[in-house]
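Me: I would like to go through the wording used for this protein and ask, term by term, what each label rests on.

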Amino acid sequence: MTPQLDGPWQRASAGAGLLGADGRPADTIFAEMSALAASTGAINLGQGFPDTDGPAEVLEAARQAIADGVNQYPPGRGMPVLREAIAAHQARFWGLHPDPATEILVTAGATEALAATLLALVKPGDEVLTVEPFYDAYAAVIGLAGGVHTTVELDLTPEGFVLDPGRLADAITPRTRAIVVNNPHNPTGYQWTREALEALVAAAERADAVLVTDEVYEHLCFDAPHIPLATIPGAAERTVSISSGGKTFSTTGWKIGWLTAPAPLVDAVVAVKQWLTFVNGAPFQPAIAVGLGLPDAVFDRIRDDLMMRRDQLGAALSDAGFVVHRPSAGYFTVADPAGLGLTDAASVCRTLAHEVGVVGIPVSAFCKPRLAREWGGLIRFAQCKREDVLTEACERLERWARKS
């Protein structure tokens, strides 16, 4: 007989939406749409991974590391060469100066950094605030930590997505233990303004809350420079800054992430992280270190190439009759097919897969029920694909629109 599972992990998993009614792992819309793309031969603009390789220098460094025997456990906090490269990167681009020995931790991608941080710092019943829509892993990890997930919603205006600093401050309560700041934002491509960041820091100080940033798109900002939260006065002493090499260098499968924070916060996260992956990606760590040291022109080229694809996809969606919410940063464009008489994004995504051969993701997958109903027609499309793949997807969308 299969034993009954009703421990705290199972209850937390169910509360976080990780388990279905039958107690089995719940399928996500991402898994459904990827499977649908595979079964129909549709172009998968749902999942946010690039289909091109990153800089040749980075790939060659990984090959060389493997050939040199860098294939066993690295140090628990990450290889010194990568921690030193992260410190140099933070100083070079953002004017921040973390200590490689005590204020940097290498992780299995940004997701593990986030998970280890929240599991370390959040107690059952603590509130954790995120912006809504939110990357789906946030809700899951908050649930596993026993936290209470609260949100402040973005507004959708004719000018795009905006965050009301006053409403943000009002959402922070004495019970708020941590605030997760996704900047640039997934799925909308919104970039936090300095005004919003300053209001956040002031409110966090009043509540004595920890700030946890997810800045994986820091080098993929098209319309305005990135503003790291830790550079805002008063933020550094309470901020855990998270990023990774996957998005910038098109190496999402390597899962090399990191966090920087004051030493006491890093120590608390290490205490949890050592029981998760322990360590990871030995030959990829020196390779990402090479990437972080590449010339500015390489980072500019990576950004400009993705910006070109943003514009290509946005124009095609607009020509197909979608209202396009042009992203300021990141991998994704959000579009609304309401002008085509379509208001149920989940249904539209399934139709697009079968009839058009293109897959997107409903933005409702990133929302709680109220906002999911309000934004039920919005669809997220990934622009981080090869030019020929995007061109074919755009042509399919345009042919479908002409028939509609």
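Me: What makes W254 count as buried?

Reply: This is a predicted model, in which local features need pLDDT of at least 70 and side-chain atom pairs count only at pLDDT 80 or more, while totals for chains, interfaces and linings use all residues. Residues are numbered from 1 along each chain as its sequence is written, and side-chain values use heavy atoms, with hydrogens and water left out. Buried means under 20% relative accessible area, exposed means over 50%, and partly exposed lies in between, with a 1.4 Å probe and protein chains only. W254 has 15% relative accessibility, so W254 counts as buried.

Me: Why is F284 called partly exposed?

Reply: The relative accessibility of F284 is 23%, and F284 therefore counts as partly exposed.

Me: Why is the aromatic pair of W254 and F284 called stacked?

Reply: Rings of Phe, Tyr and Trp (for Trp the six-membered ring) pair if their centres lie within 6.5 Å, and planes under 30 degrees apart count as stacked, over 60 as edge-to-face and the rest as tilted. A search of the whole structure finds 12 aromatic pairs. For W254 and F284 the values are 4.5 Å centre to centre and 15° between the planes, and the pair is stacked. This pair links distant parts of the chain, with W254 in the loop between α9 and β10 and F284 in helix α11, 30 residues apart; helices (H or I, at least four residues) and strands (E, at least two) are DSSP runs numbered from the N terminus.

Me: What makes the pair of F322 and W400 tilted?

Reply: The ring centres of F322 and W400 are 6.4 Å apart with 45° between the planes, and this pair is tilted. F322 lies in the loop between α12 and β11 and W400 in helix α15, so the pair ties together parts that are 78 residues apart in sequence. F322 is buried, with a relative accessible area of 3%, and W400 counts as buried at 11%.

Me: How do you know that R380 lies over the face of F332?

Reply: A charge sits over a ring if NZ of Lys or CZ of Arg is within 6 Å of the ring centre and within 35 degrees of the ring normal. R380 lies over the face of F332 at 3.6 Å from the ring centre, and the charged end of K385 sits over the ring of F49, 3.7 Å from its centre.

Me: Why is C221 in no disulfide?

Reply: A disulfide is counted as a pair of cysteine sulfur atoms within 2.5 Å, and a search of the whole structure finds zero disulfides. The cysteine sulfur nearest to C221 is that of C384, 15 Å away, and C221 is in no disulfide. C221 is buried, with a relative accessible area of 9%.

Me: What makes a space a cavity, and how many cavities of 30 Å³ or more are found?

Reply: On a 1 Å grid over the protein atoms alone, a cavity is a set of points where a 1.4 Å probe fits but cannot get out, whereas a pocket is an open set with protein on both sides within 12 Å along at least five of seven lines; lining residues have an atom within 4 Å of a point. The search finds two cavities of 30 Å³ or more.

Notes. Points joined across faces, edges and corners; volume = space filled by probe spheres on them.
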